[in-house]
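Please read the points beside the sequence and the structure.

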Amino acid sequence: IKKIVLLLLGGLLYLPFSAFAQNDFPRHEVAVSLGYIPLYGMEENPDWTYVDTPLGLYESNKYYEGPDHYLPSISLSYHYNLKKWLSLGAYLSYSGSYANLNRCVDDRKETSYWNNYFAVMTSVRFNFLSKPMVRLYGECGIGIYYSHHKDSWWSKYSTDSSLCGQLTFFGVSVGKKLFGFSEVGIGCLGLIRGGIGYRF
């Protein structure tokens, strides 16, 4: 799967230099966006307790775990418009979550731990409507994400990788060269996503 994704990325990078490129409409799009509620294969939070000894259990009872906090997905994207109705794209994105470990005696934070997610994804976009100022579209993508976890108390690090994807049910962009867009979908880029971009 990783080789397939890399081949798709390589093909996408080659497209701007291909001989069949035309100038009858903007071929290139770059964009930045925020996506809310990104979906990954979230890891379980680490076991922050001490070893299972009487002293360790005593130390562990001094602390309690706070709620998880999730960050929006931040993504950069590039699309190459093969046709007015068809585009190929590539995404780089980051998202994360963290939780605090608090002291029972005064509720003050002792430390925190993080889950970080970095994704690389290719996609295909279909334009239902393609006008100079307005586009309506759907999109599907597949790629790989890498997770990196740090427990700041014990300074433990772990990494993992797996497949990720994004399915955009409905998207709309408004603007000719400089444009804004919003989307509704499901996947590693978020359930609701919006941003700005530029066509050239």
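**Notes on the predicted model**

1. The side chain of Arg 193 meets that of Glu 183 in a salt bridge, at 2.8 Å from N to O, a salt bridge being a side-chain nitrogen of Lys or Arg within 4 Å of a carboxyl oxygen of Asp or Glu. Glu 183 lies in strand β9 and Arg 193 in strand β10, so the pair ties together parts that are ten residues apart in sequence. Glu 183 is buried too, with a relative accessible area of 4%.

2. A word on the basis of these remarks: this is a predicted model, in which local features need pLDDT of at least 70 and side-chain atom pairs count only at pLDDT 80 or more, while totals for chains, interfaces and linings use all residues. Residues are numbered from 1 along each chain as its sequence is written, and side-chain values use heavy atoms, with hydrogens and water left out.

3. On the overall layout, the protein has two helices and ten strands, where helices (H or I, at least four residues) and strands (E, at least two) are DSSP runs numbered from the N terminus. Their order from the N terminus is α-β-α-β-β-β-β-β-β-β-β-β. Of the 200 residues, 40% count as buried, and the protein exposes about 11400 Å², of which carbon and sulfur atoms supply 66%; these areas come from the Shrake-Rupley method with a 1.4 Å probe, and for residues only the protein chains shown count as cover. Among the contacts (heavy atoms within 4.5 Å) with a separation of 6 or more, 62% are between residues 24 or more positions apart.

4. Ser 33 is buried, with a relative accessible area of 4%, and, not counting residues up to four places away in sequence, the residues it touches include Ser 73, Ile 74, Phe 181 and Gly 194.

5. The structure holds six salt bridges, one of which joins the side chains of Glu 29 and Arg 125 at 3.2 Å, N to O. Glu 29 lies in strand β1 and Arg 125 in strand β6, so this pair ties together parts that are 96 residues apart in sequence, and both residues are buried. Glu 29 also forms a salt bridge with Arg 199, the closest N and O atoms being 3.0 Å apart; Arg 199 lies in strand β10, so this second pair ties together parts that are 170 residues apart in sequence. Glu 29, Arg 125, Arg 135, Glu 139 and Arg 199 are linked in a network of salt bridges.

6. The largest nonpolar core has nine residues, namely Tyr 40, Tyr 91, Tyr 117, Ala 119, Met 121, Tyr 145, Cys 164, Cys 188 and Leu 189; such a core is a set of buried Ala, Val, Leu, Ile, Met, Phe, Trp, Tyr and Cys residues joined through side-chain atoms within 4.5 Å. Strand β6 (residues 109-130) gives the most to this core, with three residues.

7. Ser 93, in strand β5 (residues 86-103), counts as buried at 7% relative accessibility. Leaving aside its neighbours within four places in sequence, Ser 93 is in contact with several residues, among them Tyr 40, Tyr 117, Ala 119 and Leu 189.

8. Finally, the surface carries a nonpolar patch with about 1000 Å² of accessible area together, its members including Leu 34, Phe 169, Ile 186 and Ile 192. Patches are made of residues with over 30% relative accessible area and no salt bridge, like charges being joined within 9 Å and nonpolar side chains (Val, Leu, Ile, Met, Phe, Trp, Tyr) within 5 Å. Strand β8 supplies the largest share of the patch, three residues, and Ile 192, in strand β10, is exposed, with a relative accessible area of 54%.

Terms used. Buried means under 20% relative accessible area, exposed over 50%, partly exposed in between (1.4 Å probe, protein chains only).
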